[in-house]
Amino acid sequence: MAIERTFSIIKPDAVSATKIGAVISKLETGGLRVIASRMVHLTGDQARRFYAVHKDRPFYGALVKFMTEGPIVVQVLEGENAIARNREVMGATNPAEAADGTIRKELGTNIERNAVHGSDGPDTARQEIAFFFPECDLPPAE
Ligand code: CMP
């Protein structure tokens, strides 16, 4: 399996709970390397555009409100099979259904306030990385 890149967000709930370090520790222990990172406070417009794929879902408005309530950490992760590996380390979207030892199980509160976001496939990973990181901010791919 080739080295892959994926996109990750440490959400406002985890940032305000001072769990940035705890999240990154789980990611690194899981075999993922942080190759770009930035703290941002999303505007409503940015959050709506980032999550546009969910615009018709009933939780869209609440999700945008949550994602703009405080700063987040956006990051690019690299590693073998990074997209699937990140999803494994994060655990299920709903913390109540996440496996023991996963980030969402340990740090998530509910299906909305679930501590982290990760890309769900290669196309999304490319789009989400490009949304936050200009190519010049990333190390060249191997
Ligand atoms: P995330 O992986 O960032 O993708 C979409 C987000 O919407 C999800 O994590 C949750 O924060 C939020 N969300 C809220 N309700 C739901 C739901 N019922 N199903 C999926 N995602 C939800």
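Is Tyr 60 buried or exposed? Tyr 60 is buried, with a relative accessible area of 14%, where buried means under 20%, exposed over 50%, and partly exposed in between, using a 1.4 Å probe and protein chains only. Hello everyone, and thanks for coming.

A word on the model before we go on. This is a predicted model, in which local features need pLDDT of at least 70 and side-chain atom pairs count only at pLDDT 80 or more, while totals for chains, interfaces and linings use all residues. Residues are numbered from 1 along each chain as its sequence is written, and side-chain values use heavy atoms, with hydrogens and water left out.

Back to Tyr 60, then. Tyr 60 sits in helix H4; helices (H or I, at least four residues) and strands (E, at least two) are DSSP runs, numbered from the N terminus. From Tyr 60 to Ile 83 there are 23 residues in sequence, and the C-alpha to C-alpha distance is 24 Å.

Let's move on to the ligand. Which residues are around the ligand? Among them are Lys 11, Tyr 51, His 54, Phe 59 and Leu 63, and the list also includes Thr 93, Arg 104, Ile 111, Glu 112, Asn 114 and His 117. To be near a molecule or strand here, a residue needs one of its heavy atoms within 4 Å of it.

In Tyr 51, a side-chain N or O atom is 2.6 Å from an oxygen atom of the ligand. For Lys 11, the distance from a side-chain N or O atom to a ligand oxygen is 2.8 Å. Asn 114 has a polar side-chain atom 3.2 Å from an oxygen atom of the ligand. Taken alone, the ligand exposes 450 Å², and the protein buries 81% of that; accessible areas come from the Shrake-Rupley method with a 1.4 Å probe, and for residues only the protein chains shown count as cover.

What about the space taken by the ligand? That space is the largest pocket.

His 117 is found in strand E4 and is buried, at 12% relative accessible area. The His 117 side chain makes a polar contact of 3.1 Å with the side chain of Glu 128; such a contact is a pair of N or O atoms within 3.5 Å, where within protein one must be able to donate a hydrogen and the other to accept it, and residues adjacent in sequence count only if both atoms are side-chain atoms. Glu 128 also has a polar contact of 2.8 Å with the side chain of Ser 119. Ser 119 belongs to the loop between E4 and H7 and is buried, at 0% relative accessibility.

Now for the charged pairs. Side chains of opposite charge can pair when their charged atoms come close. How many salt bridges does the structure hold? The structure holds 6, a salt bridge being a side-chain nitrogen of Lys or Arg within 4 Å of a carboxyl oxygen of Asp or Glu.

Take Glu 69 and Arg 113, whose side chains meet at 2.8 Å, N to O, in a salt bridge. Glu 69 lies in the loop between helix H4 (60-67) and strand E3 (72-80), and Arg 113 in the loop between helix H6 (103-107) and strand E4 (116-118), so the pair ties together parts that are 44 residues apart in sequence. Glu 69 is partly exposed at 44%, and Arg 113 is partly exposed at 23%.

Other pairs stay within a helix. Arg 49 and Asp 45 form a salt bridge with closest N and O atoms 3.3 Å apart; being 4 residues apart in helix H3 (residues 44-50), they are separated by about one helical turn. Asp 123 and Arg 126 meet at 2.7 Å, N to O, in a salt bridge, and both lie in helix H7 (residues 122-132), 3 residues apart.

Last, a backbone detail: Ala 115 has a positive phi of about 75° although it is not a glycine. Ala 115 is in the loop between H6 and E4 and is buried, at 0% relative accessibility.

Terms used. 1 Å grid on protein atoms, 1.4 Å probe; cavity = no way out; pocket = protein on both sides within 12 Å on 5 of 7 lines; lining within 4 Å. Sits in = over half its atoms within 2 Å of the grid points.
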